[in-house]
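Please look at the sequence and the 3D view first, then read on.

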Amino acid sequence: MRKILIIFLLMSFCTRAFGDTDVSEDAIKAAFIFHFIRFTQWSDTPQDYYVCIPDDGSLRETAREMYKDKLINDHKVVVSSETEGCHVLVSDNVPSTNTTMTIGPLTKGALFEFRLIDNKMKFAVNLRKAKLFKFKISSQLLKLAIWEDGI
C-alpha cells in the first residue's frame with residue numbers, strides 16, 4: 001500500500017508541476033519509466049536494468065541524469081541509445097517482443113504510451129498485449145493507467 005501511495009503522489013506532483021511548467025516533460029516521462037521498472041518483475045534476474053532510448057536524445061540525457069546513483073532492488077538503471085538487450089525500450093519503432101517493456105505508440109504495438117491530457121502526463125497500457133509478456137506488471141501500476149484493449 002505504501003508503494004501505491006508513493007507512486008500516486010509522484011504522479012500527482014509531476015502532472016501538476018508539468019501544468020505549471022516547473023518540471024519538464026522529459027523529467028516526468030523519466031520518472032514514469034523508473035516507476036514502471038520498480039513495479040515490474042522480469043523472469044530473469046538482471047545485473048542491471050537497461051533502458052534504451054534510441055530516438056530521443058533529450059529524454060535519454062534526462063533519464064541518465066535522474067537515474068544516476070539510484071538503485072532498484074539493488075540494481076543500477078543503465079540508459080543507452082541501443083535497441084537490443086533492453087528491459088525497457090522507448091521508441092516510435094516498436095519491435096515484436098514479449099520480453100522487453102516497450103513504450104511508444106500503442107497503434108504500432110507498444111505496451112505503454114505516454115499521453116498529454118488536459119496538460120497532465122498520463123500513460124495508457126494495452127491490456128491484451130500485457131498478458132502476452134514474460135514479465136509481470138504490478139496490478140497497482142495497471143490501475144493507474146488508461147486501459148486500451150487492442151493489439
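## The second largest pocket

Helix 2 (25-38) and strand 7 each supply at least two residues of the lining of the second largest pocket. Strand 7 (112-117) contributes the most, with four residues. In total 17 residues line this pocket, and K29, V90, D92, G104 and F114 lie nearest its centre. Its volume is about 230 Å³.

Helices (H or I, at least four residues) and strands (E, at least two) are DSSP runs, numbered from the N terminus. A pocket is an open set of points on a 1 Å grid over the protein atoms alone, with protein on both sides within 12 Å along at least five of seven lines; lining residues have an atom within 4 Å of a point. Grid points are joined across faces, edges and corners, and the volume is the space filled by probe spheres set on the points.

## The model as a whole

This is a predicted model, in which local features need pLDDT of at least 70 and side-chain atom pairs count only at pLDDT 80 or more, while totals for chains, interfaces and linings use all residues. Residues are numbered from 1 along each chain as its sequence is written, and side-chain values use heavy atoms, with hydrogens and water left out. The average pLDDT (the predictor's confidence in each residue, from 0 to 100) is 86, and 83% of the residues score at least 70. Over residues 15-20 pLDDT stays under 50, and the model has 12 contacts (heavy atoms within 4.5 Å) beyond four places in sequence for them.

The protein has five helices and 10 strands. Of its 151 residues, 48% count as buried, that is, under 20% relative accessible area; exposed is over 50% and partly exposed lies in between (1.4 Å probe, protein chains only). Among contacts between residues at least 6 apart in sequence, 56% join residues at least 24 apart.

Strand 7 pairs with strand 8 in the antiparallel sense over six bridges; two strands pair if DSSP finds at least two bridges between them. F112 has V125 in strand 8 as its bridge partner. V125 also stands opposite W147 in strand 10. Strand 8 and strand 10 (residues 146-148) run parallel and are joined by three bridges. Five of the seven residues of strand 8 are buried, so this strand is largely enclosed by the rest of the structure.

Strands 7 and 8 form a hairpin with two residues between them, and D118 in the turn has a positive phi of about 50°. N119 is in the loop between strand 7 and strand 8 (120-126), and its phi, near 65°, is positive too. N119 is partly exposed, with a relative accessible area of 40%. Most residues other than glycine have a negative phi.

## Strand 2 and its partners

Strand 2 (residues 49-52) pairs with strand 4 (residues 75-80) in the parallel sense over four bridges. Here Y50 stands opposite V78. Strand 2 also runs parallel to strand 5 (residues 88-90), with two bridges joining them, and C52 stands opposite L89.

K68 lies in the loop between helix 3 (57-67) and strand 3 (71-72). K68 is partly exposed at 47% relative accessible area. K68 and V78 are 10 residues apart in sequence and 8.5 Å apart in space, C-alpha to C-alpha.

D69 lies in this loop between helix 3 and strand 3 as well. Its relative accessibility is 75%, so D69 counts as exposed. Phi of D69 is near 70°, a positive value in a residue other than glycine.

Key. 1 Å grid on protein atoms, 1.4 Å probe; cavity = no way out; pocket = protein on both sides within 12 Å on 5 of 7 lines; lining within 4 Å.
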